[in-house]
Amino acid sequence: MRDWTGLPAPVTVTAMSTAQEFIQFLVESGVLRFGDFTTKSGRKTPYFINSGEFRTGSSLGRLAGYYARAFVEKFSGRVDNLFGPAYKGIPLAASTAVALYSQQGLDLSYTFNRKEAKDHGEGGLLVGDVYREERRVLIIEDVVTAGTSVRETFELLKSFPKAKPVGLLVSVDRREKLESGRSAMEEIQAEYGIQTASIADIEDLIGYLESEERRRALGLDDSILARVREYRARYGAE
């Protein structure tokens with residue numbers, strides 16, 4: 001069933017975990033779609049996540065609320081600063097900082113980078129907290145598959161010695177295996193010695209789709225569950 005916007009109508013179900021509630025929110029926002037897609041790595045995937053579809057104040061506010069809840073569960077008391085890599089990470093870090101203050105009373109600084117350093121005005125590569133004092137930094141990203149953009153962020157932060165990365169928080173971890181057999185999140189955690197966390201991952205998506213009621217409400221046939229499971233079995237890390 002779809003409403004007048006063309007997006008799936010809200011699903012009314014019970015007994016969902018927070019992660020599955022988040023999956024439902026992604027579907028209702030048009031961010032998570034099912035069909036036939038090709039990832040940057042060339043893999044054929046039955047689902048696709050495009051965070052660029054968050055384009056209203058209400059949807060961005062709800063998204064930031066989920067990030068804030070995950071932050072409190074995983075990183076509270078261990079982080080001073082949120083870093084949002086350009087471009088998609090910029091609204092994520094800024095809105096999460098607002099949500100943490102308004103919902104949790106936590107007042108953290110936030111930072112984002114320019115793609116090219118500014119050579120006039122205040123100049124520089126960073127906007128916001130430019131790390132004049134030591135900060136424990138949490139990198140805020142959207143979806144991690146191979147982890148390429150995260151590694152680029154670590155390279156950038158090496159130029160700012162008072163920025164101390166301690167964690168990475170993403171919306172969805174696809175948990176796809178790399179050549180090592182580990183997922184990108186696992187490799188990043190081991191390589192940089194930081195904590196990694198996600199609001200939801202592929203197992204939460206599978207759990208969400210296991211409900212026939214949800215599949216019917218979204219207009220999905222039963223094959224989608226089998227296709228996502230098959231994709232997980234073929235490309236997923238343990």
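Helices (H or I, at least four residues) and strands (E, at least two) are taken here as DSSP runs, numbered from the N terminus. The model is a predicted one, in which local features need pLDDT of at least 70 and side-chain atom pairs count only at pLDDT 80 or more, while totals for chains, interfaces and linings use all residues. Residues are numbered from 1 along each chain as its sequence is written, and side-chain values use heavy atoms, with hydrogens and water left out.

On a 1 Å grid over the protein atoms alone, a pocket is an open set of points where a 1.4 Å probe fits, with protein on both sides within 12 Å along at least five of seven lines, and its lining residues have an atom within 4 Å of a point. The largest pocket has a volume of about 900 Å³, volume being the space filled by probe spheres set on grid points that are joined across faces, edges and corners. Its lining comprises 29 residues, of which Lys40, Asp142, Val143, Thr145 and Ser149 are the closest to the centre. Helix 4 (148-157) contributes the largest share of this lining, with 6 residues. Strand 2 (44-49), strand 4 (109-118) and strand 7 (143-144) are also among the elements that each supply at least two residues. By class, the lining holds 11 nonpolar, 11 polar and 7 charged residues; Ala, Val, Leu, Ile, Met, Phe, Trp, Tyr, Cys and Pro count as nonpolar, Asp, Glu, Lys and Arg as charged, and the others, Gly among them, as polar.

Turning to the sheet, strand 8 (residues 163-173) is mostly covered, as 8 of its 11 residues are buried (under 20% relative accessible area with a 1.4 Å probe and protein chains only; exposed means over 50%, and partly exposed in between). Strands are said to pair if DSSP finds at least two bridges between them. Strand 8 runs parallel to strand 6 (residues 135-140), joined by 6 bridges, and Leu138 has Gly167 of strand 8 as its bridge partner. Strand 7 pairs with strand 8 in the parallel sense over 2 bridges, with Val143 partnered by Val172. The chain passes from strand 7 through helix 4 to strand 8 in a right-handed β-α-β crossover (clockwise from the first strand over the helix to the second, with the strands pointing away from the viewer). Strand 8 also pairs in the parallel sense with strand 9 (residues 195-201) over 6 bridges, where Leu168 stands opposite Thr196. The β-α-β crossover from strand 8 through helix 5 (residues 184-192) to strand 9 is right-handed.

Strand 3 (residues 81-84) is covered on both faces: Asn81 and Phe83 on one side, and Leu82 and Gly84 on the other, are all buried. Strand 3 pairs with strand 6 in the parallel sense over 3 bridges, and Leu82 stands opposite Leu138.

The peptide bond from Ala86 to Tyr87 is cis, with omega near 5 degrees, and Tyr87 lies in the loop between strand 3 and helix 3 (89-104). Tyr131, in the loop between strand 5 (124-128) and strand 6, has a positive phi of about 65 degrees although it is not a glycine. Tyr131 counts as buried because its relative accessibility is 5%. Arg175, in the loop between strand 8 and helix 5, likewise has a positive phi, near 55 degrees.
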